[in-house]
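Colleague: I have a two-chain model open and would like to go through it with you. Could you talk me through what was computed from it?

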Amino acid sequence: MTRWLPILAPMLIATASPPAAHWANTQLPDARQEAQAKALMETLRCLVCQGQSIADSDADMAADMRALVRERIAGGERPDQIRAWLVERYGDYVSYDPSFSALTAPLWLAPILLLVLGIVVARLSFRRKRR
Amino acid sequence: MKRWLIWLPFLLFAGILWLVASEMLSPEERVVRSRLIDKPVPTFALDGIVPGKPGVSSTDFGSGEPRLLNVFASWCVPCIAEAPQLMALKRAGVRIDAIAIRDRPDAVRRFLARNGDPYATIGDDRTSRVQLSLGSSGVPETFLIDGRGRIVRQHIGDIRADEVADLVAAVRAAR
């Protein structure tokens with residue numbers, strides 16, 4: 001038995017867990033709400049697979065998070081409220097759309113800064129060439 | 001001035017290389033911690049999953065007695081490894097409430113028969129709703145909730161034998 005455990009364990013896990021929540025893999029009847037939910041799901045991180053959004057992931061937990069998003073959208077909540085609810089529990093990590101804060105400021109400002117720096121360097125070097 | 005400047009790109013490169021190399025050698029912690037530490041338990045109410053054992057609700061907490069809230073599942077292999085430690089905690093007088101994630105009554109009953117039953121209550125969290133509201137991202141996880149109903153500590157992964165004494169002390173301190 002112990003020899004087969006590594007092979008059997010994933011099968012046991014696969015068969016033992018009950019079917020996914022209804023709204024995990026079913027679209028909302030209202031197309032506009034479904035579009036909202038889908039857009040939000042694409043910017044929420046799957047917490048167990050890390051590196052995939054919950055829209056892309058096959059993990060059970062991602063399915064439960066999709067069901068949560070759809071139920072709340074159907075219940076009339078705005079996508080940013082749902083995102084805030086999750087960020088409150090898991091931190092900014094759960095969101096692929098980081099808000100602007102002291103911590104994330106370099107992330108947002110660095111590209112602009114580098115672009116400005118590039119323009120300055122380009123102008124200086126072109127000016128030198130013209131002379 | 002100019003002579004010194006010529007080293008600047010190299011220094012920048014070395015700096016970035018050092019940053020990347022140091023991050024690769026000591027990778028960031030891969031677990032996702034709950035942000036609800038030092039905050040009250042979020043409101044929830046779950047029905048029981050096995051007959052004869054009540055469900056869990058957030059109103060159960062905050063009655064002066066510190067408790068552990070164990071997030072587990074019968075399909076979770078590390079939960080089996082954790083079971084003897086939970087039994088030891090129960091023997092030490094710690095009250096353990098539980099939430100069964102994505103589970104079935106018969107599977108939970110079999111799990112408890114095989115691994116022991118340290119739980120005072122077990123809530124049925126079929127769609128992980130309460131797990132998500134706790135900021136928990138896997139099984140097993142254990143929350144220590146103090147006598148005022150605040151989450152004091154989150155233990156991620158199975159509790160090891162050498163962590164039991166520390167946890168008992170933490171529960172006693174959370175009165």
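Modeller: The answers below take the two chains in turn and then their contacts.

Colleague: Before that, what kind of model is it, and how are things numbered?

Modeller: This is a predicted model, in which local features need pLDDT of at least 70, side-chain atom pairs count only at pLDDT 80 or more, and totals for chains, interfaces and linings use all residues. Residues are numbered from 1 along each chain as its sequence is written, while chains are lettered from A and ligands numbered from 1 in the order in which they are written.

Colleague: OK, which helices and strands does chain B have, and in what order?

Modeller: Chain B has six helices and five strands, where helices (H or I, at least four residues) and strands (E, at least two) are DSSP runs numbered from the N terminus. Read from the N terminus on, the order in chain B is α-α-β-α-β-α-β-α-β-β-α.

Colleague: What about its radius of gyration and its spans?

Modeller: The radius of gyration of chain B is 22 Å, whereas a compact globule of 175 residues would have one near 16 Å; the value is taken over C-alpha atoms, and the globule rule is 2.2 Å times the number of residues to the power 0.38. Along its principal axes, the C-alpha trace of chain B spans about 80 × 35 × 30 Å.

Colleague: How much of chain B is buried?

Modeller: Of its 175 residues, 39% count as buried, and the rule is that a residue is buried if 20 or more other C-beta atoms lie within 10 Å of its own, exposed if 12 or fewer, and partly exposed in between, with C-beta atoms placed from the backbone.

Colleague: Now the strands: why is β1(B) described as largely enclosed?

Modeller: Six of the six residues of β1(B), residues 67-72, are buried, so the strand is largely enclosed by the rest of the structure. Arg67(B), Leu69(B) and Val71(B) point one way and Leu68(B), Asn70(B) and Phe72(B) the other way, and all are buried. In a regular strand the side chains alternate between the two faces of the sheet.

Colleague: Which strands does β1(B) pair with?

Modeller: Five bridges join β1(B) to β4(B), residues 141-145, in an antiparallel arrangement, and five bridges join β1(B) to β2(B), residues 96-101, in a parallel one; two strands pair if DSSP finds at least two bridges between them. Leu69(B) stands opposite Phe143(B) in β4(B), and in β2(B) the bridge partner of Leu69(B) is Asp97(B). The chain crosses from β1(B) to β2(B) through helix α3 (residues 77-91) of chain B, and this β-α-β crossover is right-handed, a term used if, with the strands pointing away from the viewer, the path from the first strand over the helix to the second runs clockwise.

Colleague: Switching to chain A, what is it made of?

Modeller: Chain A has five helices and zero strands, and 21% of its 131 residues count as buried. The domain assignment gives domain 1 (19-99) and domain 2 (100-131), with bounds that come from an automatic or database domain assignment, and the C-alpha centres of these two domains of chain A lie 36 Å apart.

Colleague: Where does Trp23(A) sit, and why does it count as buried?

Modeller: Trp23(A) is in the loop between α1 (5-16) and α2 (31-41) of chain A, and Trp23(A) counts as buried because 21 other C-beta atoms lie within 10 Å. Leaving aside neighbours within four places in sequence, Trp23(A) is in contact with Arg66(A), Ala67(A), Arg70(A) and Glu71(A), contact meaning that the C-beta atoms of two residues, placed from the backbone, lie within 7 Å.

Colleague: Last one, how many residues of chain B touch chain A?

Modeller: 19 residues of chain B are in contact with 19 residues of chain A. Helix α5 (residues 129-134) of chain B gives the most to the chain B side, with three residues.
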